[in-house]
Amino acid sequence: MPSEKALNPPPGECRQCWFHAHEVHKGNLLGLAPRKDCPECLDHLNNGHGNMIVPGSRRWF
């Protein structure tokens, strides 16, 4: 089951990018070699985030 952090991105972040960073790539659930991107991430990178951005302004700490 995905972690609470992976399911709740902060304002200004993309839901798919956040989920992949915290669940898929962290645990290497796709069996990818180190530093390799998954097809979903590459498609998302090339075609944009669409309506997946969480409303609000991005915070930098």
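Helices H2 and H3 pack at an angle of about 150°, and their axes lie 11 Å apart. The axes are lines fitted to C-alpha atoms, for helices over the stretch in contact, and angles run from 0 to 180 degrees between N-to-C directions. H2 and H3 are therefore roughly antiparallel to each other; angles under 35 degrees count as roughly parallel, over 145 as roughly antiparallel, 65 to 115 as roughly perpendicular and the rest as oblique. The crossing of H2 and H3 is left-handed, a term used if the near helix is turned anticlockwise from the far one by less than a right angle, with right-handed used if clockwise. Gln16, Cys17 and His20 of H2 meet Glu40, Cys41 and His44 of H3 in this contact, where contact means heavy atoms within 4.5 Å. By class, the residues of the contact of H2 with H3 are 2 nonpolar, 3 polar and 1 charged. Ala, Val, Leu, Ile, Met, Phe, Trp, Tyr, Cys and Pro count as nonpolar, Asp, Glu, Lys and Arg as charged, and the others, Gly among them, as polar.

This is a predicted model, in which local features need pLDDT of at least 70 and side-chain atom pairs count only at pLDDT 80 or more, while totals for chains, interfaces and linings use all residues. Residues are numbered from 1 along each chain as its sequence is written, and side-chain values use heavy atoms, with hydrogens and water left out. The mean pLDDT of the chain is 79, and 84% of its residues reach 70 or more; pLDDT is the predictor's confidence in each residue, from 0 to 100. Among the elements of the chain, helix H3 (residues 39–47) has the highest mean pLDDT (84) and helix H1 (residues 4–7) the lowest (80).

The secondary structure comes to 3 helices and 0 strands, in the pattern α-α-α along the sequence. Helices (H or I, at least four residues) and strands (E, at least two) are DSSP runs, numbered from the N terminus. Of the 61 residues in the chain, 21% are buried, where buried means under 20% relative accessible area, exposed over 50%, and partly exposed in between (1.4 Å probe, protein chains only). Among contacts between residues at least 6 apart in sequence, 53% join residues at least 24 apart.

The buried residues of H2 are Gln16, Trp18, His20, Glu23 and Val24. What covers them includes H1 and H3.

On the H3 side, His44 lies in the helix and counts as buried because its relative accessibility is 8%. Leaving out residues up to four places away in sequence, His44 touches Cys14, Gln16, Cys17, His49 and Met52.

Glu13 belongs to the loop between H1 and helix H2 (15–24). Its relative accessibility is 18%, so Glu13 counts as buried. Not counting residues up to four places away in sequence, Glu13 touches Trp18, Met52, Ile53, Val54 and Arg58.

The segment after H3 contains Gly48, which counts as partly exposed because its relative accessibility is 33%. Gly48 and Cys14 are 34 residues apart along the chain, and their C-alpha atoms are separated by 9.9 Å.

Pro55 also lies in the segment after H3. At 64% relative accessibility, Pro55 counts as exposed. Beyond its neighbours within four places in sequence, Pro55 is in contact with Pro11, Gly12 and Arg15. Pro55 and Pro11 are 44 residues apart in sequence, and the C-alpha to C-alpha distance is 5.5 Å.
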